[in-house]
Amino acid sequence: MDKKSNIYALLKGFVVENPTLVMLLGMCPTLAVTTMASNGIGMGLATTFVLLCSNIVISALRKVIPGTVRLPCFIVVITTFVTLTDFILKAYIPALHSRLGIFLSLIAVNCIILGRAEAFASKNSLLRSALDGLGMGLGFTCALFAMGAVREILGSGQFFGIDLHLPLVFPIFVMPAGGFFTLGIIIAVVYKFTKRKPPAKVGCAACPIASDCINCKEGG
Amino acid sequence: MKFIKKAIPAITLLIICAVSALLLVFVHDLTAVDEAGNVTPEIKAALAGIYGDTEEFTVYDTPLGGSETAYVNMSLRGDGGDYAFIIVSNGYNKEGLTLLIGLDSAGAVKGIVTLESSETPGLGTKTDSPEFMGQFIGFTIDEVPAPVTPDETVYKVRFAKSKEELEALKASQPEVPASFEWDAITGATLSSNGVFDAVKLAVTAYREVHIG
C-alpha cells in the first residue's frame, strides 16, 4: 500500500504501527486499566478522542507555533483536551470515570499522544493528521480491548461483567503480573501474524515510525 | 523589531494557554454537577431494595465522622424512624468501597448495598455477594466490645463539622469482638475487612445519632 495515501494514514495504527503492540508506547494505561474489557474500551475511546482533537488542533496550528516552544504548546493543547474529557465523563458517564480513576488524567502524559503530535501532526496536513489520530486511537482501543477481554475471561470468568460459568479461573490474570504476561503473549501473536522479525540490530531502520521520523531522515 | 521577534514564541504560548483556559472554564460550568448532600436516584433505589418502597428517606444531617479506615459520607433518616448511612471504607484501595448500610429500628444491620467499588474485579468485588453481605445482617452495637477503662468510651466515632476537625477526630475504632464470627473472601481479605469496618462504623454511628 502507498505509504503516502490517506487510507494508509488511517489504517497503519491498527496493526503495522500499532502504538501499543508494535511501538510499545502507553504501557502504563495498557497494563493498569485492562482488568475488564469494558474498562479497556472506555480508556481507548477517551484516548482516541484526545488524540484526534489534539492532532487536529496541532496540525492546524503547525505553521503558527514557533519551533522553540512547540513542545509546551503541544502539552497545553493535549492537557486541555484531557481535562475536557475528564469533565465530560464525570458529568455523563460517572461509573466509567470512577473506574478509570487517575489514569484518565494521566492520558495527558501518554507518550502516544505527544509522540503523534511531534512525529506526525506537526508535519502533515489537517486531514491526514486527523486520520492518523483516529487510526492510532482505534488501534490503541483494539489493543486494550484484547488485553481486557483475555484478562477478564481468564481472571474473573466474566466477559463485559456477564458471568461465563467457567470451571476454572486464574485470578493472577487480573493482577499486575498477569497483565505483563497477557501483553507479552499478545505482542508475540501480532509479530507472528505480521511476519515481523525482532530487529537483529537496534537502529533507525528497525523503527516502525522511520518513515515519519525527522531524526531518521537527517541520519540521526 | 528584534525584541518583537524574540517575544513571538512567548506570546504564541500565552495565547494558546489563554484560549485553553477559557474553553475549560466554559466546559466546567456546563458540566459541573454538585451532588454532595443530595439523595440521588441510585441511593433511592438502594434504599428501596432494603426497606421497600414505603419508607421515604431524607438527609437529616450530614455530619462528617469516622474512624481510621472508614468515614460516614451521608446519614439518612426514614419517615418510619430507620437510619441508613453511606460509608466510604478502605479496602484494597484507599476509599475503595462506598457502601449504603441500612439499620432497622433496633439499630441492627438490615441490609448492605455496594454503591461504588474500585476494588480488584473478580477478587475484591466478590464482597458484593448475598452470601458475604448476609453474614452481617443483624449485627448490632452489642457485639462491639465494652470500654476497657472508664475514660475510654465505646463510641469512638465522633462527628465533626469540618474536614480539619474530622482529621483530628479519626481515632481508632473498636476491636473485632470475639463473639462475632464471620468469613472473609479468599484472596480479598482487605476488601472483606473494609466491609466489616463499615458495618462497625454504621452501628456505632447509629448509637451516636439515635441514642446519643
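Helix axes here are lines fitted to C-alpha atoms, for helices over the stretch in contact, with angles running from 0 to 180 degrees between N-to-C directions. I start with that because my opening entry is a helix pair. Helices (H or I, at least four residues) and strands (E, at least two) are DSSP runs, numbered from the N terminus.

**Ground rules**

I am working on a predicted model, where local features need pLDDT of at least 70, side-chain atom pairs count only at pLDDT 80 or more, and totals for chains, interfaces and linings use all residues. Residues are numbered from 1 along each chain as its sequence is written, chains are lettered from A and ligands numbered from 1 in the order in which they are written, and side-chain values use heavy atoms, with hydrogens and water left out.

**Entry: a helix pair in chain A**

I looked up how helix α3 (residues 37-60) and helix α7 (residues 111-121) of chain A meet. Their axes come within 10 Å and cross at roughly 30°. That makes α3(A) roughly parallel to α7(A); angles under 35 degrees count as roughly parallel, over 145 as roughly antiparallel, 65 to 115 as roughly perpendicular and the rest as oblique. For the contact (heavy atoms within 4.5 Å), I noted that α3(A) supplies Thr47(A), Val50(A), Leu51(A), Ser54(A), Asn55(A), Ile58(A) and Ser59(A). From α7(A) come Ile112(A), Ile113(A), Arg116(A), Ala117(A) and Ala121(A). The crossing of α3(A) over α7(A) is right-handed, a label used if the near helix is turned clockwise from the far one by less than a right angle, with left-handed for anticlockwise.

**Entry: confidence**

I checked pLDDT next, the predictor's confidence in each residue, from 0 to 100. Chain A averages 84, and 91% of its residues score at least 70. Within chain A, helix α8 (residues 126-156) has the highest confidence, at 91, while helix α10 (residues 214-217) has the lowest, at a mean of 65. Chain B averages 77, with 75% of the residues scoring at least 70. Residues 146-160 of chain B have a pLDDT below 50, yet this stretch has 38 contacts in the model beyond near neighbours in sequence. Residues 171-178 of chain B are also below 50, and there I noted 22 contacts beyond near neighbours. For the model, ipTM is 0.74 and pTM is 0.69.

**Entry: cysteines**

How many disulfides are there over all chains? My search of the whole structure gave zero, taking a disulfide as a pair of cysteine sulfur atoms within 2.5 Å. For Cys28(A), the nearest cysteine sulfur belongs to Cys111(A), 9.3 Å away. Cys28(A) is partly exposed at 45% relative accessible area; buried means under 20%, exposed over 50%, partly exposed in between (1.4 Å probe, protein chains only). Cys73(A) itself is buried, at 0% relative accessibility.

**Entry: the layout of chain B**

Chain B has five helices and seven strands, and I read their order from the N terminus as α-α-β-β-β-β-β-β-α-β-α-α. Of its 212 residues, 44% count as buried. Among contacts in chain B with a separation of 6 or more, 57% join residues 24 or more positions apart.

Is Thr31(B) buried or exposed? I found it buried, at 8% relative accessibility. Thr31(B) belongs to helix α1 (residues 2-31) of chain B. Leaving aside neighbours within four places in sequence, Thr31(B) touches Phe87(A), Ile88(A), Ala91(A) and Tyr92(A).

Ser117(B) lies in strand β6 (residues 109-117) of chain B and is partly exposed, at 29% relative accessibility. Its C-alpha is 8.4 Å from that of Leu99(B), 18 residues apart along the chain. With neighbours within four places again left aside, Ser117(B) is in contact with Gly96(B), Leu97(B) and Thr125(B).

**Entry: positive phi**

Most residues other than glycine have a negative phi. Which phi does Leu24(A) have? I noted a positive value of about 55°, although Leu24(A) is not a glycine. Leu24(A) lies in the loop between α1 (6-11) and α2 (27-32) of chain A and is partly exposed at 43%. Glu95(B), also not a glycine, has a positive phi of about 55°. I placed Glu95(B) in the loop between β4 (83-89) and β5 (97-103) of chain B, partly exposed at 36% relative accessibility.
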